[in-house]
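Subject: Structure handover

Dear colleague,

I am passing on the structure below, with notes on what was found in it. Please read the notes with the structure open.

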Amino acid sequence: MKKQFNPERSRGAKPKVAFFDFTDCEGCQLQFANMGQALLEVAGLVDIVNFREIMSEEGQDYEIAFIEGSITTDKDVTRVKKIREKANVLVALGACATIGGVNGIKNRAPLELAKERVYGKKSDTINTINTMPVHKVVKVDYFIHGCPAYIPEIITVIKCLLMGRPYVLPNYAVCTECKMNENVCRYEKDQECLGPVTRAGCNSWCVNNGNRCYGCRGLVDNPAADGQKDILLKYGLKLEEILQHFTLYNDSMGEKYDQAFK
Ligand code: SF4
Ligand code: SF4
Ligand code: SF4
C-alpha cells in the first residue's frame with residue numbers, strides 16, 4: 001500500500017519533490033524560479049529531484065509531484081497515472097493543470113476539425129484527445145490556480161502541504177479582493193471584466209496593475225451568472241462578448257461553464 005505523506009515522520013528527512021510538465025508553456029514553473037528568497041527557503045525544506053527549469057538532473061524517486069500543464073494525449077493520460085501511483089501528494093500547478101487553460105480552446109471545435117485546422121493534411125499523423133485538466137484523470141490533492149500561478153499562493157500551498165494540512169481554495173469572487181484593494185472598477189472604464197464570477201486568490205492581481213480579469217483562475221463554485229449578466233446589461237455589453245473572453249481559459253470545464261452561462 002502507498003505511504004501517506006506524513007510531516008511528523010518526515011521530520012529530519014526532507015521530502016523529495018518533482019516537477020513534471022505536460023501541455024503548457026512552463027510559465028508556472030518559471031514562477032517558482034522567480035520566487036527569489038522564498039525559493040531558497042523552500043529549497044531548504046525539501047529535496048528537489050526533478051525540475052527542468054532550474055536543474056539538469058532527473059530524479060524519479062519522489063513523494064510530492066507538481067503537475068504543470070493539461071492532459072492532451074493518450075500518452076499524457078498514462079504518464080500522469082504513473083506519476084500519481086508513485087506520488088503521495090499531487091499538486092496541480094497553474095490554469096493548464098487545474099482547469100485545462102488556454103489549451104482548452106481546442107475543445108471548441110470537434111477534435112478532427114481542430115486537428116485539421118492546425119496540422120492540415122498531416123492531421124492524420126497527430127495523436128491527440130480533448131484537453132483535460134489533471135483532476136479529470138487522477139486525484140489531485142492541492143490546486144494552485146492561475147495563469148501564471150500567483151507566487152504568494154504558491155508559498156501558502158507549499159506551507160500547507162509541508163504541514164500536512166489542506167489548502168482551502170477561496171470560494172468567493174475576485175471582485176471581493178478588488179474592492180478591498182480599492183481599485184476603480186473596469187466597468188466604470190467601459191471595459192468588461194470577469195472578476196464577478198472568477199475564483200479569488202490572486203489578490204485581483206491584473207486589476208491592481210491596470211488590466212481586467214480574464215478569468216484565469218476559473219469559476220467560483222456557484223458563480224453569480226445572473227449578476228454578471230445584469231452587470232453586462234447595465235453597461236450595454238453583450239453576453240457573447242464576455243463569453244468570448246471567458247472561454248479563453250475555461251473551455252475544458254465544459255459542464256460547469258455551460259450550466260452557468262448557456
Ligand atoms: S497556466 Fe499559463 S503560465 Fe502556467 S503553464 Fe499554463 S499557460 Fe503557462
Ligand atoms: S468587475 Fe473587475 S474591476 Fe470591477 S470590482 Fe470586479 S474584479 Fe474589480
Ligand atoms: S485578476 Fe483574473 S485574470 Fe488576473 S490573475 Fe486574477 S483571476 Fe487571473
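The notes below go from the whole chain to the strands, the core, the ligands and a few backbone details.

This is a predicted model, in which local features need pLDDT of at least 70, side-chain atom pairs count only at pLDDT 80 or more, and totals for chains, interfaces and linings use all residues. Residues are numbered from 1 along each chain as its sequence is written, while chains are lettered from A and ligands numbered from 1 in the order in which they are written.

Overall

The protein chain has 11 helices and five strands. Helices (H or I, at least four residues) and strands (E, at least two) are DSSP runs, numbered from the N terminus. Of the 262 residues in the chain, 37% are buried. A residue is buried if 20 or more other C-beta atoms lie within 10 Å of its own, exposed if 12 or fewer, and partly exposed in between, with C-beta atoms placed from the backbone. Among contacts with a separation of 6 or more, 76% are between residues 24 or more positions apart. Two residues are in contact if their C-beta atoms, placed from the backbone, lie within 7 Å.

Strands

Strand β3 (residues 64-68) has five of its five residues buried, so it is largely enclosed by the rest of the structure. In a regular strand the side chains alternate between the two faces of the sheet. In β3, Ile64, Phe66 and Glu68 on one side and Ala65 and Ile67 on the other are all buried, which leaves both faces covered.

β3 pairs with β1 in the parallel sense over five bridges, and five bridges also join β3 to β4, again in parallel. Two strands pair if DSSP finds at least two bridges between them. Alanine 65 in β3 stands opposite alanine 18, and its bridge partner in β4 is leucine 90. Glutamate 68 has leucine 93 as its bridge partner in β4. Strand β4 (residues 89-93) is mostly covered, with four of its five residues buried.

Asparagine 50 lies in strand β2 (residues 47-50). It counts as partly exposed because it has 18 C-beta neighbours inside 10 Å. Its C-alpha atom is 9.9 Å from that of phenylalanine 66, which is 16 residues away along the chain.

In soluble globular proteins, nonpolar side chains tend to be buried together. The largest nonpolar core here has 52 residues, and those with the most contacts inside it are Ala65, Ile67, Val91, Ala92, Leu93 and Ile144. This core lies between domain 1 (16-163) and domain 2 (174-261), because both give residues to it. A nonpolar core is a set of buried Ala, Val, Leu, Ile, Met, Phe, Trp, Tyr and Cys residues joined through C-beta atoms within 7 Å. The domain bounds come from an automatic or database domain assignment. Beyond its neighbours within four places in sequence, valine 91 is in contact with Phe66, Ile67, Asp141, Tyr142, Ile144 and Val157.

Ligands

A residue is near a ligand if its C-beta atom, placed from the backbone, lies within 6 Å of it. In the classes below, Ala, Val, Leu, Ile, Met, Phe, Trp, Tyr, Cys and Pro count as nonpolar, Asp, Glu, Lys and Arg as charged, and the others, Gly among them, as polar.

- Ligand 1 is surrounded by 13 residues, the closest being Asp24, Gly27, Gly94, Cys96 and Cys147. Helices α1 (27-33) and α4 (95-99) are the elements that give two or more residues to this shell. It divides into seven nonpolar, three polar and three charged residues.
- Ligand 2 has 14 residues around it, of which Cys175, Cys178, Cys185, Cys193 and Gly195 come nearest. Helix α7 (residues 174-180) gives the largest share, four residues.
- Ligand 3 has 13 residues around it, and Cys202, Cys206, Cys213, Cys216 and Arg217 come nearest. Helix α8 (residues 205-208) gives the most, with three residues.

Backbone details

Most residues other than glycine have a negative phi, and most peptide bonds are trans. Cysteine 147 and proline 148 are joined by a cis peptide bond, with omega about 0°. Proline 148 is in the loop between β5 (142-144) and α6 (151-163). Glutamate 26 has a positive phi, near 65°, and sits in the loop between β1 (16-21) and α1. Asparagine 203 has a positive phi near 60° and is in the loop between α7 and α8.

Regards
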